[in-house]
Structures are given as C-alpha cells and as structure tokens.
Amino acid sequence: MKQLIKIITAFSVLLTVQLKAQTPISLESAYEKALKNNLNLKNGQLRIDYQDKIKKSYAVVDPLNISGEIGQINSAYTDNKFSVNQTLRLPGFYNSQKQVLLEEWKNSMLSLDVQKWQLKREIALIYNELNYQNEKEKLLLRADSIYINYYKRAELRLKKGESNILEKTTAENYRSQAEIQLANLKKDREISLYQFNYLLNDDIIYSNETSGFYEMNVENQDLNYAGNQVILKQLEQQKSIELAKLNAEKSKLLPTFNIGYNNSSMYGNGADDHFYERSARFHSGMIGVGIPLFNGAQKSLIEGQKINQLIAENNYEMGSRNLKNQYASLFSEYEKLKSETDYYKTSGLKNAETILKTANRLYYEGEINYLEWSLLINQSLDIQNKMIDTQKILNEKIIQLNSLTQY
C-alpha cells in the first residue's frame, strides 16, 4: 500500500512539473493535433478498417458436405460409396447480405465524422474554460492586491489607535478569501489542462493562448435552420441499414438449391445383371430445391425488422426536431447573454472602475469608513466578476451554435 502511495505521489509530482512547462497553442492548431492524435478517433478509424475488411464476407457459401459409406449396400458383398453435396443460394440472398455490410461500412465512416464534430466542440469548450480561468485569475490577483494594501493600512491604523480590531479582522478575512479562491482556481486549471491535453494526446504539454475570450462571434446565423448535416447524415444512414437488414431477412425465404454427386462400387450382380469378379464403380448426380415451407419464425423476424425500420425513421424525425429546437433555444439564450455582455462592455466596467477609484479616494481621505469602503469595493469587483462569468456562458452558447451549423 505504501509503495502504491509513493507511485501515485511521484506521478502527481511528474504531472505538476509537466504542467509548469506548457506550450501555448491556438485553438485551430489544437484541432489539428486532436484530429491527428486523439485515441477515440483512432478507434473510429479502426472500426472503418474492420468494416472494410469484412465487406466480402457476404459471399460465404455453405460448407461442402462429403460423406462416405461402406458395407453390404447392394448385395452380400462389401461395397463402398462416397457422396459430395453442396447447397447454393440465389444471387438475391448474397446481394442483400452484401448491402447490409456496405451500409454498415458507410455508417462507420459517418460515425467518425460525428466523433470529429464532437471532439472539436469539446476542445473549444475546454479552451474557453481555460481562457475564462485566465480572466478569473487576473481579477482575483487584482482583488488580492487591493485587500493586501487594505490589510496593511488597517494594521497600521490599529497600531496608531485610529481603528479597532474589527477593521483589521475584516481586512484579514477578505485577504484570506482571495487567497483561497486563487488556490482553488489553480486546482481547477490543472484539471482543465489535463482534460485538454488528454484530448490532444501529444508528447508536449499544451496550454491555451491567452486571447480571444471577448472576441468570439456566431459564424452563421441561420433563421431557417434545418439541422446539422453531420448528425442527420448518420441518422439517415441508420434508416438505410435497417432497410438493408429487412431485405436481408426477406431473402432468407428464397429457395435454396442442392447439387450432389455420388460414386459407389457394386460387387456381384449389378444393374446390368452380370457377375463381376471385381467391383465396378457407378456414378450418379442429384439436384434438389429447398423450399422454406415452415417459415413462421423467419416471418416473425421480418415483422420485427419492419419495426426497427420504423424506429430508425422515427429517430431521424426526432433528431431533426431536437436539433432545430436546440438551435432555437441556444440562439435565444445567446441574444439574452449578448445584451448583458454589451452592457458590461459599454457601461458596467466603466462604472466598476469609477466605484473602485472613488471608494479608495474617499476612504484614504477619511470621508467613508472601512465598512462603506468594503461595500463599494466588493460591488465593483462583483460587476467585473459577473462580466467574466457572463462572457464565459455566452462563449459556450456561441461554440454550441457554431457547432450546430458546422457541416
């Protein structure tokens, strides 16, 4: 157990050291790295390769049946016989099986496209989270600096007898809160960096470039949004797969053909009514038709597959409506958040700076006490904090909207 703890501790230290040596990377470059190295995408490509390899398995023919006999088959003498029999199906059966495999191969390629689409969205969201944490850190460092100066001033005022212990305690509490928030933010950032680099799957440890947090925009505003084509193509492909499976089940009701060959010895009185001292060999051929008369079980499978086809069609309609509804909801939220961030950018931040500077001036001039100063400073910092939080949520809506219109 102690050895395990040592290994975990060493691993944590190694990760901490790696995270300290980070290489900034742009969002577009992060996309390229992930599309090249991501493990989930590699599995997706392997599934395509697998489906490609088994495409020819539709041509599997029933095993050749070889049988032999020995004994008193025709007379008191010992004879031997061997037979070869092969069952063949009509071309329609093999074509339907081939179509199922072809549609599943197409689906594997579309699944990889969906994986890439999801991966890009996930990377963009984590990248936005890292940018958000950068802005949050700037604000917390600023708050920490303000509270440190306030603490030093309160401590000095207490020594001079100009204030009481409550002012110093309040200042110390504000300072401690800022330090705790900074420490928690550092841990959150480490987690985000782990997630980010896991998706990129590269030997180098990357971090975000600290820019673009306030510049994100919706790329395509589609008032007649019909759905994301990456998702809809895969849902459409599911319909094709179920239709191919239905045809494959129906093809199992087609008749089969049996072709056979027999070769037997006949020692004694044979078909020509002559006596042979040595055995003579006789040949015969056989052809037959297998008709599936007792097909109730297979018809049940066909009826069940028809339901699967209806489910696939329903999934397409449901998926299309969900995408449209999701886009409309996201766009409404985007417009609401956009108005809020516009207010902060045009008026809110200016007001926050005015409150901050005025509060400091009045406090140093002795026109307000520390309680009034604390109230005003916290109000100023709260405005800046809400601006950052709102911008983060707005960016998330933008990322999701852009991903829904990405084809």
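How do α6 and α7 lie to each other, roughly parallel or roughly antiparallel? The angle between their axes is about 170°, and therefore α6 and α7 are roughly antiparallel to each other. In this wording, angles under 35 degrees count as roughly parallel, over 145 as roughly antiparallel, 65 to 115 as roughly perpendicular and the rest as oblique.

The structure is a predicted model, in which local features need pLDDT of at least 70 and side-chain atom pairs count only at pLDDT 80 or more, while totals for chains, interfaces and linings use all residues. Residues are numbered from 1 along each chain as its sequence is written, and side-chain values use heavy atoms, with hydrogens and water left out.

**The chain as a whole**

The secondary structure of the protein chain comes to eight helices and six strands, where helices (H or I, at least four residues) and strands (E, at least two) are DSSP runs numbered from the N terminus. Along the sequence these elements follow the pattern α-β-α-α-β-β-α-α-β-α-β-β-α-α. Of the 407 residues of the protein chain, 37% count as buried; buried means under 20% relative accessible area, exposed over 50%, and partly exposed in between, with a 1.4 Å probe and protein chains only. Among contacts between residues at least 6 apart in sequence, 81% join residues at least 24 apart, a contact being heavy atoms within 4.5 Å.

**Helix packing**

Two packed helices are described by the angle between their axes and the distance between the axes. The axes are lines fitted to C-alpha atoms, for helices over the stretch in contact, and the angles run from 0 to 180 degrees between N-to-C directions.

| Helix pair | Angle between axes | Distance between axes |
|---|---|---|
| α2 (residues 27-37) and α5 (residues 165-200) | about 55° | 7 Å |
| α6 (residues 229-251) and α7 (residues 296-364) | about 170° | 9 Å |

The residues of the contact of α6 with α7 divide into ten nonpolar, eight polar and eight charged. For this division Ala, Val, Leu, Ile, Met, Phe, Trp, Tyr, Cys and Pro count as nonpolar, Asp, Glu, Lys and Arg as charged, and the others, Gly among them, as polar.

For the other pair, α2 and α5 pack at an angle of about 55°, which makes α2 oblique to α5. Here Ala-30, Lys-33, Ala-34 and Asn-37 in α2 meet Phe-196, Leu-199 and Leu-200 in α5, and the residues of this contact divide into five nonpolar, one polar and one charged.

Helix α2 also has two sides that can be told apart by accessibility. Ala-30, Tyr-31, Ala-34 and Asn-37 are buried, and because they cover an arc of only 155° around the axis, they are on the same side of α2; the arc is that of the directions from the helix axis to the C-beta atoms. On the other side of α2, Glu-28, Glu-32 and Lys-36 are exposed. An α-helix has 3.6 residues a turn, so residues three or four places apart point the same way.

**The sheet**

An open sheet of four strands has the order β2-β3-β5-β6, with antiparallel pairing, two strands being paired if DSSP finds at least two bridges between them. Because β2 (65-71) and β6 (280-290) stand at the edges, each with a single partner strand, one side of each is left without a neighbour in the sheet. The twist averages 15° from one strand to the next.

Seven bridges join β2 to strand β3 (residues 79-89), and within this pairing the partner of Gly-68 is Phe-82, while that of Glu-69 is Lys-81. On to strand β5 (residues 256-266), β3 pairs in the antiparallel sense over nine bridges, where the bridge partner of Gln-86 is Ile-259.

**Individual residues**

Gln-384 lies in helix α8 (residues 370-404) and counts as buried at 9% relative accessibility. Leaving aside residues up to four places away in sequence, Gln-384 touches Leu-139, Arg-142, Leu-349, Ala-352 and Glu-353. Gln-384 and Glu-353 are 31 residues apart in sequence and 9.1 Å apart in space, C-alpha to C-alpha.

Asn-201, in the loop between α5 and β4 (206-208), has a positive phi of about 55° although it is not a glycine. Most residues other than glycine have a negative phi. With a relative accessible area of 30%, Asn-201 is partly exposed.
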